[in-house]
Amino acid sequence: MMLNINVAIEKNEKFTTANLGCFLRFPLTKHNLAYASLLAKMQMNASLFFPRISSQETAFKNLYDIQFEVVPQLFGKEIVLSYIANFVEPTELLDPDYNYKKVISILEKVILHPSFNDKLIELSKEQLISEYDEIMKRPATFAFDKFFKIWYQDDPDFSDSFIGSIEEIKRSTSSSLTNFYKNLRDVPLSIIGMAEDNRQLENIIKSGFKHAGLMKKFGVDGIAISAKKREISKVDDHHNLQAQLMLGYAYNQNIKISFEDQICGLVLAEYLAGDQSSILFRKVREELGAAYSVSADNYANNSLFLINAGIEPAMSEKVQRVINNELQKVADGEINLELLQLAKRSLINVETVNRDRESWILAQLLREHLFAKYREFDRLAAIKAIGPEQIESFAKNLYLNESYVLK
């Protein structure tokens with residue numbers, strides 16, 4: 001009996017490339033996110049078997065340019081450290097030396113055998129710090145980061161929305177990173193993907209990847225972070241030409257969000273701020289002439305519905321009133337049915353296009369392994385089934401929990 005239970009490769013019937021994801025799941029903390037970000041950067045650069053950046057790049061290039069990335073993903077209270085590879089199906093090439101076994105051999109060396117060379121660590125630190133400094137120069141990114149630090153001021157482990165604590169990254173050493181990686185040897189791991197000969201690839205993986213986490217339950221319950229009642233209003237003045245207004249609406253704590261409810265939040269976000277026909281685009285940008293941009297996002301795993309607008313600094317209070325009024329109208333059942341249909345049609349189009357993208361399919365396979373009963377959930381059918389009553393009910397369970405303005 002095979003003990004490697006968390007390996008599942010689907011049949012690839014329409015792409016010339018196969019894809020593979022190796023996913024490690026562990027708790028979200030400031031420390032874990034910082035170290036996962038640094039480890040990901042290091043493994044993108046080099047590894048124990050390929051100690052120089054050029055040697056790892058060459059190894060992938062020699063196998064017909066395998067596309068490889070390592071990135072931490074956040075799912076509520078959990079981090080999923082994701083190793084994702086896309087490679088040409090062997091049947092597409094007349095090369096007897098190119099096969100699944102050769103690809104898996106290279107990926108196993110890179111994924112399971114990181115290098116903790118001091119020079120590699122310092123290089124990777126410099127790259128991360130440079131990237132962090134660059135993105136934090138943007139007012140929109142700075143405001144987003146500050147918003148979450150306020151939202152999670154009593155839960156600092158959840159407050160970093162990008163790469164984790166930059167101070168933890170700066171302080172890390174070869175010894176501390178080695179200890180962090182040793183702890184990952186026992187966390188749940190799942191390997192999923194798509195290949196033309198899925199059974200052959202699955203058998204190769206089961207015999208090639210030796211990791212205790214393959215025998216542990218990968219799925220997890222209670223992943224969402226409940227929202228603590230704050231009702232905070234804060235303004236920072238950095239003398240920017242454009243202000244960033246962020247309104248965070250929390251979910252009622254007594255509500256358990258289902259997959260259907262998550263889709264309802266997605267439809268509401270599209271209805272309010274999806275495109276130029278949306279409610280807030282017309283009200284805030286066209287009628288008030290106040291917004292450069294307006295968007296809405298449903299962060300179900302954070303119990304958060306977030307509306308963000310780039311606006312004229314002097315108009316922040318007026319824009320906030322308009323946004324609150326429009327969301328209240330939805331909660332009161334005042335819903336424009338024509339705009340609701342347009343929002344649903346837009347999401348249906350996006351969903352239909354995504355179903356022909358390998359990366360989207362892999363993301364859905366990951367969710368099937370992470371969340372119980374997700375495999376039976378039909379996102380497209382759920383979007384089509386959303387009506388005004390569901391939108392109204394969803395909006396009724398939201399309350400303004402944080403208003404943050406960066407001027």
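The structure is a predicted model, in which local features need pLDDT of at least 70 and side-chain atom pairs count only at pLDDT 80 or more, while totals for chains, interfaces and linings use all residues. Residues are numbered from 1 along each chain as its sequence is written, and side-chain values use heavy atoms, with hydrogens and water left out.

I begin with the aromatic rings. A pair of such rings is described by the distance of the centres and the angle of the planes. Here, rings of Phe, Tyr and Trp (its six-membered ring) pair if their centres lie within 6.5 Å; planes under 30 degrees apart count as stacked, over 60 as edge-to-face and the rest as tilted. The whole structure contains 21 aromatic pairs. One of them joins Phe26 and Phe180 edge-to-face, at 6.0 Å centre to centre and with 80° between the planes. Phe26 belongs to strand S2 (residues 17–27) and Phe180 to helix H7 (residues 174–184), so this pair links distant parts of the chain, 154 residues apart, where helices (H or I, at least four residues) and strands (E, at least two) are DSSP runs numbered from the N terminus. Phe26 and Phe180 are both buried, a term that means under 20% relative accessible area, with exposed over 50% and partly exposed in between (1.4 Å probe, protein chains only).

A further edge-to-face pair is formed by Tyr152 and Phe158, at 5.8 Å and 75°, and both of these residues are buried. Tyr152 and Phe158 also belong to one aromatic cluster, whose members include Phe144, Trp151 and Tyr299.

I turn now to charge. Side chains of opposite charge can pair when their charged atoms come close. A salt bridge is counted when a side-chain nitrogen of Lys or Arg is within 4 Å of a carboxyl oxygen of Asp or Glu, and the count comes to 23.

Which parts does the salt bridge between Asp160 and Lys149 tie together? The N to O distance in this bridge is 3.1 Å. Asp160 lies in the loop between helix H5 (139–151) and helix H6 (166–171), and Lys149 in helix H5, so the bridge joins parts 11 residues apart in sequence. Asp160 is buried, at 6% relative accessibility, whereas Lys149 is partly exposed, at 31%.

Finally, Asp221 and Lys217 form a salt bridge at 3.9 Å between the closest N and O atoms, and both are exposed.
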